[in-house]
Amino acid sequence: MQGRVLLLNGSTWEPLAVISIARAISLIMAGKAVVVEESERVLRTVNTSFAVPSVIALRRYVNVPRRKAHWSRKGVLLRDNYTCIYCGVRPGDVVRGKTLTKMDFTVDHILPRSRNGKDNWTNTACACYSCNHRKGNRLPSEAGMKLRWEPRTPRTSYLVIAIGSGPDAWRHYIELDAANNPLDPDE
Ligand SMILES: [Zn+2]
């Protein structure tokens, strides 16, 4: 059976893995996990039918060592939900008569690479091409531009891509190191 299920840890509900539906169902049948969210699909057997889970959680907390955050361009775009860190536009927004798509966003280096800026979670953020171009090889302060939030290292970075490209219901479970809420834009 096609499909994937997000597995959360017990009690903390932090994402642990993306598993197959068969594995998820066997965990539930064994009493090791509970259903947190159901998908809209229904699985029918001879005697019964039930909703296919989309998110499940272990009944007990398991101690999992934190893996080191692996940086990637795709990971940065997903972490920032394709929102420009400078002007706040998102896919679907209309700018000068054009509806933006995910293709209109890139990864900006806060400290530019030409000035030794590194490829890491805190030095990179999603930006629209217009802001990325305007900033050029300058620091935001030199370009008179403000970050709308501070880029953070995701706690569960190794799962950001899997979760970010999964169903919307999963996005809720991406945890960041600290609040990643945009600052008040009027500040
Ligand atoms: Zn922008």
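Leaving aside its neighbours within four places in sequence, which residues is Cys84 in contact with? In this predicted model, the partners of Cys84 are Val89, Phe105, Cys126, Ala127, Cys128 and Cys131.

## Largest nonpolar core

Cys84 belongs to the largest nonpolar core, a set of 13 residues. Cys84 is among those with the most contacts inside this core, along with Leu77, Ile85, Phe105, Cys126 and Ala127. Two elements, α2 (73-79) and β8 (124-128), each give two or more residues to the core. The largest share comes from β8, with four residues.

## Another core

## Four-stranded sheet

Strands pair through backbone hydrogen bonds, in parallel or antiparallel fashion. Here, four strands form an open sheet in the order β2-β1-β4-β3. The pairing is mixed. Strands β2 and β3 (33-44) sit at the edges, each pairing on one side only. From one strand to the next, the twist averages 30°.

Helix α1 (residues 21-29) lies across β1, β2, β3 and β4 (49-58). The helix runs at about 110° to β2.

Strands β1 (residues 4-8) and β2 (residues 15-20) are antiparallel and share five bridges. Leu6 stands opposite Val18 of β2. Arg4 has Ser20 in β2 as its bridge partner.

Note on methods. Residues are numbered from 1 along each chain as its sequence is written. This is a predicted model: local features need pLDDT of at least 70, side-chain atom pairs count only at pLDDT 80 or more; totals for chains, interfaces and linings use all residues. Two strands pair if DSSP finds at least two bridges between them. Axes are lines fitted to C-alpha atoms, for helices over the stretch in contact, and angles run from 0 to 180 degrees between N-to-C directions. Two residues are in contact if their C-beta atoms, placed from the backbone, lie within 7 Å. A nonpolar core is a set of buried Ala, Val, Leu, Ile, Met, Phe, Trp, Tyr and Cys residues joined through C-beta atoms within 7 Å. A residue is buried if 20 or more other C-beta atoms lie within 10 Å of its own, exposed if 12 or fewer, and partly exposed in between; C-beta atoms are placed from the backbone.
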